[in-house]
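The sequence and the structure are shown first.

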Amino acid sequence: MRIYTRSGDQGETSLIYGKRVPKNDTRVEAYGTCDEINAVIGQAISLIEQEDFQAKVTLIDELHYLQTILFHVGSELATPEGKEVTWKLEQRHIDALEQQIDKWQGDLPELRNFILPSGHPAASSLHHARTVARRAERMAVGLLDQLQDSLALKYLNRLSDYLFVAARTVNHQLNVEEKQLKADI
C-alpha cells in the first residue's frame with residue numbers, strides 16, 4: 001500500500017464514510033489538531049523516557065493511553081453529521097482525567113501566581129500539548145451543533161487541564177523550578 005493517494009492534491013480530503021470536504025473544513029482542522037496534540041505528547045514521552053523519577057512509568061503509560069483516546073476523539077470529529085460514530089467518548093474517560101488531576105495536585109505546591117510554560121523539556125512539551133488542546137477545543141466549538149451527544153468538547157477542555165498538571169508534575173518530580181509570572185516588568 002502506498003502512503004500517498006494523490007486524492008488530496010486539489011485541496012480536498014475524505015472524512016469517515018468517504019464524504020469529501022475541503023482540507024480547511026472545521027472538522028478537518030479539529031481532528032488534525034487532535035493529531036498535533038498526539039504528536040506533541042509523543043515528544044514529551046520521548047523526553048520523559050530519558051529521565052529517572054518516581055512516577056515515570058505510570059506517567060508514560062497514562063500518556064500512551066491519552067494518545068489512544070485522542071485517535072478516537074479525532075475519529076469522532078471526522079465523522080460527518082448524521083453518521084454513526086464508531087467509538088464514542090464516555091463520561092468515564094473525563095472522570096479518569098479529573099481523578100488523575102486531583103491525585104497529582106495533592107502532591108504539588110499550591111499555585112499562588114501564574115507560571116510560565118517552561119522547565120524540563122518534557123514539561124515544556126506537555127505545556128505545548130496543553131495549548132494545542134485548547135486550540136482543538138476552540139475548533140470543536142465550531143462543530144457543537146453537529147456533535148450530537150458528544151463529550152469531545154468536554155474531554156478536550158479537561159485534557160488541557162490534565163496536561164497542565166502533568167507538566168507541573170514532571171517539573172516537581174525532577175526538582176525543576178517553575179518560573180512564576182513577574183508582575184513588575
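At what angle do helix 1 and helix 5 pack, and how far apart are their axes? The angle is about 15° and the axes lie 13 Å apart, where axes are lines fitted to C-alpha atoms, for helices over the stretch in contact, and angles run from 0 to 180 degrees between N-to-C directions.

The model is a predicted one, in which local features need pLDDT of at least 70 and side-chain atom pairs count only at pLDDT 80 or more, while totals for chains, interfaces and linings use all residues. Residues are numbered from 1 along each chain as its sequence is written, and side-chain values use heavy atoms, with hydrogens and water left out.

## Overall architecture

The protein contains 5 helices and 2 strands, and from the N terminus the order of elements is β-β-α-α-α-α-α. Helices (H or I, at least four residues) and strands (E, at least two) are DSSP runs, numbered from the N terminus. The C-alpha trace spans about 50 × 40 × 35 Å along its principal axes. Of the 185 residues, 43% count as buried; buried means under 20% relative accessible area, exposed over 50%, and partly exposed in between (1.4 Å probe, protein chains only). Among contacts with a separation of 6 or more, 74% join residues 24 or more positions apart, contact meaning heavy atoms within 4.5 Å.

Two packed helices are described by the angle between their axes and the distance between the axes.

| Pair | Angle between axes | Distance between axes |
|---|---|---|
| Helix 1 and helix 2 | about 165° | 9 Å |
| Helix 1 and helix 5 | about 15° | 13 Å |

The angle of about 15° makes helix 1 roughly parallel to helix 5. Angles under 35 degrees count as roughly parallel, over 145 as roughly antiparallel, 65 to 115 as roughly perpendicular and the rest as oblique. Helix 1 passes helix 5 in a left-handed crossing; a crossing is left-handed if the near helix is turned anticlockwise from the far one by less than a right angle, and right-handed if clockwise. On the helix 1 side the contact involves Cys34, Ile37, Ile41 and Ile48, which meet Leu156, Leu159, Leu163 and Val170 of helix 5. The residues of this contact comprise 8 nonpolar, no polar and no charged. Here Ala, Val, Leu, Ile, Met, Phe, Trp, Tyr, Cys and Pro count as nonpolar, Asp, Glu, Lys and Arg as charged, and the others, Gly among them, as polar.

Helix 1 (residues 26–48) also packs against helix 2 (residues 56–77), at an angle of about 165°. That angle makes the two helices roughly antiparallel, and helix 1 passes helix 2 in a left-handed crossing. Contributors from helix 1 include Arg27, Tyr31, Cys34, Ile41 and Ile45, and those from helix 2 include Leu59, Ile60, Leu63, His64 and Phe71. In this contact the residues divide into 14 nonpolar, 5 polar and 3 charged.

## Selected residues

Ile60 of helix 2 counts as buried because its relative accessibility is 10%. Beyond its neighbours within four places in sequence, Ile60 is in contact with Ile45, Ile48 and Glu49. Ser75, also found in helix 2, is buried at 18% relative accessibility. A polar atom of the Ser75 side chain lies 2.8 Å from the backbone oxygen of His72.

Gln91 is found in helix 3 (residues 91–105) and is partly exposed, with a relative accessible area of 31%. Leaving aside neighbours within four places in sequence, Gln91 is in contact with Leu151 and Lys154. The side chains of Gln91 and Lys154 make a polar contact at 3.3 Å. A polar contact is a pair of N or O atoms within 3.5 Å; within protein, one must be able to donate a hydrogen and the other to accept it, and residues adjacent in sequence count only if both atoms are side-chain atoms.

Which phi values are found at Tyr17 and Asn175? Tyr17 has a positive phi near 75° in a residue other than glycine, and lies in the loop between strand 1 (12–14) and strand 2 (20–22). Tyr17 is partly exposed, at 46% relative accessible area. For Asn175, phi is near 55°, again a positive value in a residue other than glycine. Asn175 lies in the segment after helix 5 (152–173) and is exposed, with a relative accessible area of 72%.
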